[in-house]
Every structure is written in C-alpha cells, then in structure tokens.
Amino acid sequence: MILDAARAAISRLFSREFRSVFFKTLGLTLLVLVGVWLGTKELFEYFALPWFDAFFPDMPSWLGWLSFVAAIAAGLGLAAGLALLIAPVTAVIAGLFLDDVAEVVEKEDYPQDPPGKALPLGAAIATSIKFFGVVILGNIIALLLLLVPGVNILAFFLVNGYLLGREFFEFAAMRFRSEADAKALRRRHAGTIFLAGLVIAGFLAVPILNLLTPLFAAAMMVHLHKLISQEDAARTARGVELRG
C-alpha cells in the first residue's frame, strides 16, 4: 500500500500541473529569502557597523577595512544560514498550495470519486504555519539527538517520519472528513502512516530533491488516504456480510 502510494506520487511529481505549483512555491521562497537577506543586511549595517566604529574611535584609518571585512563576513554568514532555511521556508509556502496538489491527484487518478473539499483560507494558512513548525521542530529534535551516541542519523528518520507522516496524512484526510475523524483514522492506522512518513523523511534527506518534499508528501498521502479508506470500506462490507 505504501509503495503503491509512493510510486503514484512520484509519477505525478514532474507533471505540468505539479511543475506549476513547484515553480510558484520556489519563486515565492526565493523572494522571501532575498527579502530577509537584504533586510537583515541593512539592519546590520545600520546598527552594528556604527557601534563597531564607536567602540574603536581611535582606530587608525588604515584599519577601516575591518568594518568592510566584517560586513562581508556577516553577509556570507547570513547567506549560508538562509541556505539552510530553504527547505523549511519552502514547506511553509508550499502549505498554501497543497490543496492544488490534492485536487490534481484526485481529479486525474480518482475521477470516479467525489472531489475533496479544500481547506478555508484561514485553515490553509494555519496548516502552512503548522507544517513549517513541524519541519523546524523535527530537525531541531533530530539535531539534538545526533549528540546521543548510537542514535545519529536514525533520529532524523524517526522524528521526521512520525511528524511528517502525521501532519500530511491528516491534511489529506481532512479534505473528506472532520478533523476529529481524520485524527481517529490516523490513530487506527498509525503503523502504516509512520512507515509512509519514513519514506517522506528519506525524500527529505536528499539535497535539492527535498525542495519537492511538500508536493511529494501531499500527493503520497492523498493516495494513501484513498487506499486506507477503500480497505476500511471493504472490511466493513465483509463484516456486514458475515453478520448477515
């Protein structure tokens, strides 16, 4: 079931519809990061450099280049830090377009089924922020666990597998169910969803490719929700027949 969902998601990943969402996500991500870089750089030059000059008022003029070097070093350090934020920022922005991804999968792969209901704008924004928090929290916990001997990379997969599997499955389920029903379904199939989350965590671990993680995860969990729902319906039907 998990492999079927993953294969189906990958087959859609580079389709025209998905590329459109990805380029919108990546473009907005780069705009946000460039804006943060320029704003932080201006703040550093406005506040930090005058403090540096005031702290060394008698500094020979030929040492003035230190301020210039400090500004360059700060800019490079900031750029490196922002590079680490590409995946999390992409996750929060992609969260605004996950319903677009789900609609493509539902329309193309399940045309006979009634379509899901997109989350309201407020809920979509809340979900987007929640995904951002999950990615940040998961990586912070994994980073801390890296300090524990014998855990290391395993921590990354376990933490992210649980968090990503839970959040993306509930997103897919809530297009057809109430939040309470989606959570209950997730708890009933916790083992399957955790294993699916490990697949997403593996996708997240691949540089560059990890920018596509939100799109892949959303598509995969749409498929997994469909498969689990069909399995539950078939099990219920068999139970009714046996009781009859």
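This is a predicted model: local features need pLDDT of at least 70, side-chain atom pairs count only at pLDDT 80 or more; totals for chains, interfaces and linings use all residues.

Q: Is G161 buried or exposed?
A: G161 has a relative accessible area of 0%. Buried means under 20%, so G161 counts as buried.

Q: Which residues does G161 touch, leaving out those up to four places away in sequence?
A: G161 touches F156, F194, G197, L198 and A201.

Q: And how far is G161 from L204?
A: In sequence, G161 and L204 are 43 residues apart. In space, their C-alpha atoms are 9.8 Å apart.

Q: Zooming out, how many helices and strands does the protein chain have?
A: The protein chain has 10 helices and zero strands. Along the sequence the pattern reads α-α-α-α-α-α-α-α-α-α.

Q: What share of the residues is buried?
A: Of 244 residues in the protein chain, 39% count as buried.

Q: What about contacts between residues at least 6 apart in sequence?
A: In the protein chain, 79% of those contacts join residues at least 24 apart.

Q: New topic: where is S229?
A: S229 is in helix α10, which covers residues 213-243.

Q: What does the side chain of S229 pair with?
A: The side chain of S229 makes a polar contact of 3.0 Å with the side chain of R177. A polar atom of the S229 side chain also lies 2.8 Å from the backbone oxygen of H225.

Terms used. Residues are numbered from 1 along each chain as its sequence is written. Side-chain values use heavy atoms; hydrogens and water are left out. Helices (H or I, at least four residues) and strands (E, at least two) are DSSP runs, numbered from the N terminus. Buried means under 20% relative accessible area, exposed over 50%, partly exposed in between (1.4 Å probe, protein chains only). Contact means heavy atoms within 4.5 Å. A polar contact is a pair of N or O atoms within 3.5 Å; within protein, one must be able to donate a hydrogen and the other to accept it, and residues adjacent in sequence count only if both atoms are side-chain atoms.
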